[in-house]
Amino acid sequence: MKKYRLSEETRLWHWQNGETVSTATLRQIIATADFNDIVSGTKGGWIEDESALAQDGNCWIYDENSVVFAGAKIVDNARLTQPCVISHHAEVGGNSWLDAAQVSHGAKISDNVTIQQSAIRGECHIYGNARILHHSQVIAAKGLTPDHEQILKIYDNATVSQSRVVHQAQIYGDAMVNYAFIEHRAEVFDRAVLDGNDLNNVWVCDCAKVYGNARLIAGQDDDAIPTLRYSSQVAENAVIEGNCVIKHHVLIGGQAWLRGGPILIDDKVVIQGRARIFGNVLIEHRVEITDDAVIEAFAGESIHLRGEKVINGTQRITRTPLLGAL
């Protein structure tokens with residue numbers, strides 16, 4: 001027994017790919033049986049043909065301004081509310097809920113995913129209890145890195161809000177991502193938090209990783225943008241705040257705390273323990289900072305540390321050491 005039929009009335013839907021304009025002929029769905037919270041006779045969204053909306057399960061397109069076309073499928077118990085545009089071989093299933101969402105070009109949505117006021121595009125998989133919220137953009141693209149087959153994934157209990165996630169990035173565990181830009185093969189997982197704001201995003205790029213209970217927090221000043229790049233990692237209980245740029249295989253862990261003004265950490269630097277780094281500080285090339293060491297540049301001053309050295313114990317550095325002093 002079918003749960004819906006297609007209207008006799010048609011609607012033309014136009015979309016553009018580059019300079020090419022295409023048109024799909026859509027028909028409205030009309031319930032022919034009572035199921036879930038739908039009453040027979042209820043009108044829903046518009047689809048290209050019956051392959052777009054499964055006749056079994058409780059899946060339904062609630063908003064009469066929603067459209068599903070170009071090989072996209074709504075299956076299982078998926079729900080579409082407020083105007084949604086689902087197209088180009090996207091698949092939405094499980095118990096997922098899409099609210100004012102756009103999903104296209106091979107994206108797969110399953111399990112208990114929530115997508116609200118956000119756009120998902122390209123070959124990716126969003127599953128588990130993941131949530132994509134508040135005007136986020138997920139734009140997947142394979143083939144931009146040596147791992148040609150890896151696809152972008154967001155899953156487990158991860159939450160992405162007001163953020164942009166692109167290429168082959170991975171977000172999972174209980175990660176919380178707010179006002180962030182995550183690209184290439186970057187990973188954010190465990191209980192990591194990226195906490196940007198409406199002035200400054202948090203950037204995690206290339207093959208960088210943020211995990212454990214680590215936090216990257218943007219500031220309110222100009223350029224107060226924590227940036228993690230080139231296979232660097234922030235882990236455990238480390239906190240990175242404000243104008244901090246970390247790149248080229250840097251490892252920051254323990255309970256380290258960096259508060260930028262600005263800070264640049266570059267080239268295989270290791271920062272662990274309860275180390276503190278504040279102010280205008282440049283640290284590069286195989287420096288190791290551990291224990292309770294503090295490096296602090298006061299207002300109007302700067303500190304530059306370079307070369308293979310260990311700073312540990314309770315050492316406190318407030319100015320650039322004279323050559324050979326460390």
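**Getting to know D99**

Q: What makes us say that D99 touches other residues, and which ones, not counting residues up to four places away in sequence?
A: D99 touches T81, Q82, C84, I115, Q116 and Q117. They count as contacts because heavy atoms lie within 4.5 Å. This is a predicted model, where local features need pLDDT of at least 70, side-chain atom pairs count only at pLDDT 80 or more, and totals for chains, interfaces and linings use all residues. Residues are numbered from 1 along each chain as its sequence is written, and side-chain values use heavy atoms, with hydrogens and water left out.

Q: Why is the pairing of D99 with the side chain of Q82 called a polar contact?
A: The two side chains come to 2.9 Å. A polar contact is a pair of N or O atoms within 3.5 Å; within protein, one must be able to donate a hydrogen and the other to accept it, and residues adjacent in sequence count only if both atoms are side-chain atoms. So the 2.9 Å pair qualifies.

Q: How do you know that D99 has no salt bridge?
A: The nearest side chain of opposite charge, R79, is 8.1 Å away.

Q: What makes residues 97-99 a strand?
A: They form strand 10, which holds D99; a strand is a DSSP run (E, at least two residues), numbered from the N terminus. The protein chain has 41 strands and zero helices (H or I, at least four residues).

Note on methods: Buried means under 20% relative accessible area, exposed over 50%, partly exposed in between (1.4 Å probe, protein chains only). Lys and Arg count as positive and Asp and Glu as negative; His and the chain ends are not counted. A salt bridge is a side-chain nitrogen of Lys or Arg within 4 Å of a carboxyl oxygen of Asp or Glu.
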